[in-house]
Amino acid sequence: MKHRENVTGFAARAAMWSARHRTLAIIGWIVFVVGVTVLSGQVGTREATDSDQGHGESGRASLIVEQAGFPVQPAGEMVLVKGADRNAAVADVTRSLTGRPEVEAVTKPLTSPDGQATLVTFTMTGDPDTAKDRVGPLLDVVAGVQSRHPGVHVAQAGDASGDKLIGDSLDEGLSRLSMLSIPVTLGILLVAFGAVVAALLPVGLALTAILAAIGLLAGASRLAPTVDTTTHVMLLVGLAVGVDYCLFYIRRERDERRNGADPHRALLIAAQTSGRSIWISGLTVIVAMAGMFFTMDATFTSFGMATILVVATAVLGSLTVLPALLSALGDRVDSIKIPGLYRRRTEGRVWRWVLRVVLAKPLISTIVAVGVLAALAAPALDLRTKGESIEDVSPKQPIVQTMTAISRAFPAEVVPAEVVVKAQTVKGPRFEAALADFRRAAAASGQLREPIDVRVNPAGTVAVVSVGLAGNGSDRTSERAVETLRTTVAPGAFGKLTGATVAVTGDTAEGMDFNKRLTDSLPWVFGFVLGLAFLLLLVSFRSVVVAVTGVVLNLLSVAAAYGMLVFVFQYGHFESALDFKSGGGITNWMPLFLFIILFGLSMDYHVFVLSRIREGHDRGLPTKQAVSEGIGRTAGVITSAAMVMVAVFALFATLPLISTKELGVGLAAAVLLDATIIRAVLLPAVMALLGEKNWWLPRWLNWLPAVAHDLPPAAPPAPQPHEDRELTPAL
């Protein structure tokens, strides 16, 4: 793909076009961002329903219930009363709640099996989705009962109060994150560039790319409905890759300008080197994110679509509007220099010293680096997963403490299973006889408990039978109870009804089906991500060894991140510092999601560094010298990019949910390892050991397209026509 001015490749052609038509490129980007944002407000975003997120038997049960026309289930709340003399307080709770406009019905108090607590449950009026906005006065009522009865413990928890807690805590955390992430990122870039304008460009481009991607998500949600945390993931990934891409591009353009290149040639070199790396890296990240579609899960599909959109938008902006802005600014990209921080050259002297040691002793360096990564990854051999619950919020919250106490005293009330029965009729003597059989079989199993309640849809064709489970709802005891319910108790009792379909759902059953879906999809996801990443590296660098090395190094980084997650969140280290209570496992969707995200993001550094190494090799440098030059010249920008990612990801560890803490800690730790042990030690050591074998390509693969990694030849000094004029700063 050739063009005038020795321009080769899509990225360089896009950059040169944008630079020659910079006004059109800049205005076009603004119109694009504003247009898709406005259009998304008109179209709206489709959110995933319960049946969209279901799997297996529980998914079929949810779909049956959704189509059965049941009245909307009101939000349920519970008041726990503990203490030796609690009868007066229980009566006060019932009296104070009865008749209030927010309360639909108050049930008869229930005493715990050990006789130490009493539970008063009630339902709220109105839409359950908005009950969290109306539960505040009821929390005040219960607090008033507590103040009148100081000798006992009175506390409330439930659907609405839990949603209010999570919503308020998450909104507060996200507001804090929004206020901190941009200043922190900008601060790191100010240190990296030492100039205000150069630091503002990556932040501005990343934010507009995120905004545009969120707008595009509205249309994409027709294909992949979104879940609640989708935009949070977009912010996390978009800010990381958007800033990194701009950082790579701007740093290369500035370096070439300081090496004596004129503005036109500096931008051309940046376009054909960093621009190409951004293009390859973006494709690799998108391929990795596409692996989420193989899970066939609504959450992963939503995350996959969202991250693909935000990465693609960041790549588009980096290859179009960024060159236009650099062309317009010229040397003014270094405007508003910061005394003491601005440096004409950033050689990364510390990393150069480390690199000299590594290249002098590559075998020892490889053994030490692999040993450190293996030690960090070792806890991952004990990795266990668990579902999400209210207990994933800070254990210091009173509602969390109350819900935990209720689940211990009344486990059947908190995490019941639901048997969905669809038949020609679920009314009359035949169904009543089947229900009686079910009650007897449940009691005889020793794993299923009262209360057993029944709801029937208006048409009388679907019944939902709720039954308590042994265990705490997420342990192996509860899972065995669900297995017994599915295999013997439920089909044995209700399977005799005419035309009956019987399916079991509930939180425990949904968690089991979700885990099975993920387990079944693992080979497909891993095979797709690893296979296509290998192919992209193979085509980009025309080397089987480079492709294999890239895949293996990224797997080491992911394994070390898994080990650190297990050490912190499964084993419960740093609970006070991170404000969480270990549930004895990692959130069930986290390992697969982290693998995909980390594998994609690691390619940012890997492609950028390898491109610089291959650039030196194509100029005729020996492999060891090419490694030294390539890594030495990219050390500064890699460090800056890693600091941005680590800072942004670490901020997610301040959010209230354990899953967001796991996400922040896992990503931050992996990026830190990737930018230090992997890229600065293991990669150069392995490449030094392999020498010229790094570039091995079998003869039968010589048909692969050649991707030039060397610098473009200097343009002839002859005057250029108007459309190919030299790029100079705008006045």
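Is Leu-283 buried, partly exposed or exposed? The structure examined here is a predicted model, in which local features need pLDDT of at least 70, side-chain atom pairs count only at pLDDT 80 or more, and totals for chains, interfaces and linings use all residues. Residues are numbered from 1 along each chain as its sequence is written, and side-chain values use heavy atoms, with hydrogens and water left out.

Leu-283 turns out to be partly exposed, because its relative accessible area is 33%; buried means under 20%, exposed over 50%, and partly exposed in between (1.4 Å probe, protein chains only). This leucine sits in helix H10, residues 274-290. Helices (H or I, at least four residues) and strands (E, at least two) are DSSP runs, numbered from the N terminus. Together with Phe-10 and Trp-279, Leu-283 makes a nonpolar surface patch of about 260 Å². Such patches are made of residues with over 30% relative accessible area and no salt bridge, nonpolar side chains being joined within 5 Å; a salt bridge is a side-chain nitrogen of Lys or Arg within 4 Å of a carboxyl oxygen of Asp or Glu. The areas come from the Shrake-Rupley method with a 1.4 Å probe.

Another residue to look up is Trp-353, in helix H13 (residues 349-360). Trp-353 counts as exposed because its relative accessibility is 53%. Between Trp-353 and Ala-680 there are 327 residues in sequence, yet 11 Å in space from C-alpha to C-alpha.

Next comes the sheet. Strands of a sheet pair through backbone hydrogen bonds, either parallel or antiparallel. Here, four strands form an open sheet in the order E10-E11-E9-E12, with antiparallel pairing; two strands pair if DSSP finds at least two bridges between them. E10 and E12 (501-506) are the edge strands, each pairing on one side only. On average, neighbouring strands of this sheet are turned by 20° against each other, direction ignored.

Helix H17 (residues 429-445) packs on the sheet and touches E9, E10 and E11, its direction making about 160° with that of E10. Contact means heavy atoms within 4.5 Å, and angles run from 0 to 180 degrees between N-to-C directions of lines fitted to C-alpha atoms.

Strands E10 (residues 448-456) and E11 (residues 462-469) run antiparallel and are joined by six bridges. Leu-448 has Leu-469 as its bridge partner, while Arg-449 is partnered by Gly-468. Five residues lie between the strands of this hairpin, where Gly-460 takes a positive phi near 75°.

How values were computed
Patches are made of residues with over 30% relative accessible area and no salt bridge: like charges are joined within 9 Å, nonpolar side chains (Val, Leu, Ile, Met, Phe, Trp, Tyr) within 5 Å.
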